[in-house]
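This report describes how the parts of a structure are arranged and where they touch. Look at the sequence and the structure first, then read on.

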Amino acid sequence: MGSKTPLYDKHVEAGARIVDFGGWDMPLHYGSQKEEHHAVRQHAGVFDVSHMTIVDLRGKRVREFLQYLVANDVARLKEYGKALYTSMLNEEGGVIDDLIIYYIGDADYRLVVNASTREKDLAWIRRQAEAFEVDVVERAELAMIAVQGPKARELAAPCIDAEYRDAALALRPFFGMEAGDWFIARTGYTGEDGWEIVMPAADVQGVWDRLLAAGVEPCGLGARDTLRLEAAMNLYGSDMDETISPLEAGLEWTVAWEPGDRDFIGRAVIEKQRASADRRRFVGLLLEDKGVLRNHQKVVVEGIGEGEITSGGFSPTIGRSIALARLPAGDYDRAQVEVRGKLLNVRIVKTPFVRNGQVRIDV
Amino acid sequence: MSELPGDLLYTNDHEWLRREDDGSVTIGITDHAATALGDLVYVELPEVGQDVEAGGEMAVVESVKAASDVYAPVAGSVAAVNEELSDDPEKINADPYGDGWIVRLEIEGLDESELMSPDAYQQLLDELDD
């Protein structure tokens, strides 16, 4: 039996199939993963993401600390509330975790890191923080939900205290704000508009009930995975880990090379790799034959070499199978994937596959 | 959980088997299996005429979550496959014991002691629930 979020009883009540996820008892789906997926693309869905780890950093030198801790540069955060996606690297340039950083105040930042990496992340952050005299406070007592979809903000707005509602609706994408003891951010992991809302555990059951009553579909981890795959958003542990550099996981855009003298952990190693011609590609694949691409299937590029699917599955929006894959360096746009002894044809496509309800690739 | 059809035999692998009048058998996966797999998105069917061994892999059903083999509960030769599943694999979720059938096998004979009655299979499901 794993840890339970404050919404566990609500999941059971809604008919969830519960699975273990990084030590947490979480809903996989509430009947149909595909219907939940479509609800988020076309209407609105709500996910319990209370298992994710919220860490508040406070101290005079917190900005300087974050400039050392992560590959992106928090100096890019010029306005309060702005969010930054990035990764924490080890000395070898491998990804310890990917995370979101919210700029709350000059001495006050909030991080959201993965649930499955909680312990090692906290240990790493605390170790690195010592020299900067930064307080590292895990906020395990808080709950978090993600309301996602074209109707998500409209349907969730009535749940927000009237005092903050207009400001919340006015949030620009990738901004967050404090709203009393809530924190509301226009972020997500689905490729749709919506909010992620952090709140005291005591509030979350009531909010959940109101959202469901308003027609927001409860969605499980299954739909969360197919939605993020269509949006080509990386999943830690599948698309990257401590042995993989962000440059080989499609995360170069989350690395700030300038200013050149900013010394972040792992910089020296990935800087060398940046100039290397043989660094592997990280691409999107569309299956042209029938079948389903899955994690760890072998990708064969004729005359060049082999790679691997890091995240594969069926895209409910496209109706075909898609994948993210790490492939050998080279200039090519077709490959084959070995599925049960047969080679199936795939085409390399520009990601995301789907964004804001629209298919973005040529099918 | 819905009532199990009383005229079928069942396997430990959550497949069902129906004896047809012409001596062939029709095979599919049970509602329990379909529900556990979730929404099916692809079915890989064998060739008609292909021989299959008892316990051998005969088809593959893939859901949004995972791929799962369908085993031949009895040796035989593939007499027919449900081609409609190619375009509409969700028929298995919607009607696992009817439109969601997967393969029909011509067989030499059937040792029913290797298979489960509806009562025995229901008991297996009850034990899984505990």
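## Two domains in chain A

In this predicted model, the C-alpha centres of domain 1 of chain A and domain 2 of chain A are 30 Å apart. The domain assignment of chain A places domain 1 at 8-51 + 141-230 and domain 2 at 280-359.

Contact between the two involves 12 residues of domain 1 of chain A and 12 residues of domain 2 of chain A. On the side of domain 1 of chain A that touches domain 2 of chain A, α2 (33-42) and α8 (221-230) of chain A each supply at least two residues. The most comes from α2(A), with 5 residues. By class, this side of domain 1 of chain A has 2 nonpolar, 5 polar and 5 charged residues.

## Where chain A touches chain B

Between the chains, 13 residues of chain A are in contact with 9 residues of chain B. On the side of chain A that touches chain B, the elements giving two or more residues are α2, α8 and β16 (305-315) of chain A. That side of chain A divides into 2 nonpolar, 7 polar and 4 charged residues.

## Chain B

Chain B contains 4 helices and 9 strands. Their order from the N terminus on is β-β-β-α-β-β-β-β-β-α-α-β-α.

The C-alpha trace of chain B spans about 40 × 35 × 25 Å along its principal axes. Its radius of gyration is 14 Å, which agrees with the value near 14 Å for a compact globule of 130 residues. Of the 130 residues in chain B, 42% are buried. Among contacts in chain B with a separation of 6 or more, 61% join residues 24 or more positions apart.

Notes: Residues numbered from 1 in each chain as written. Chains lettered and ligands numbered in written order. Predicted model: local features only at pLDDT ≥ 70, side-chain atom pairs only at ≥ 80, totals over all residues. Domains from an automatic or database assignment. Contact = placed C-beta atoms within 7 Å. Nonpolar A, V, L, I, M, F, W, Y, C, P; charged D, E, K, R; others polar. Rg over C-alpha atoms; globule rule 2.2 N^0.38 Å. Buried ≥ 20, exposed ≤ 12 C-beta atoms within 10 Å, placed from the backbone.
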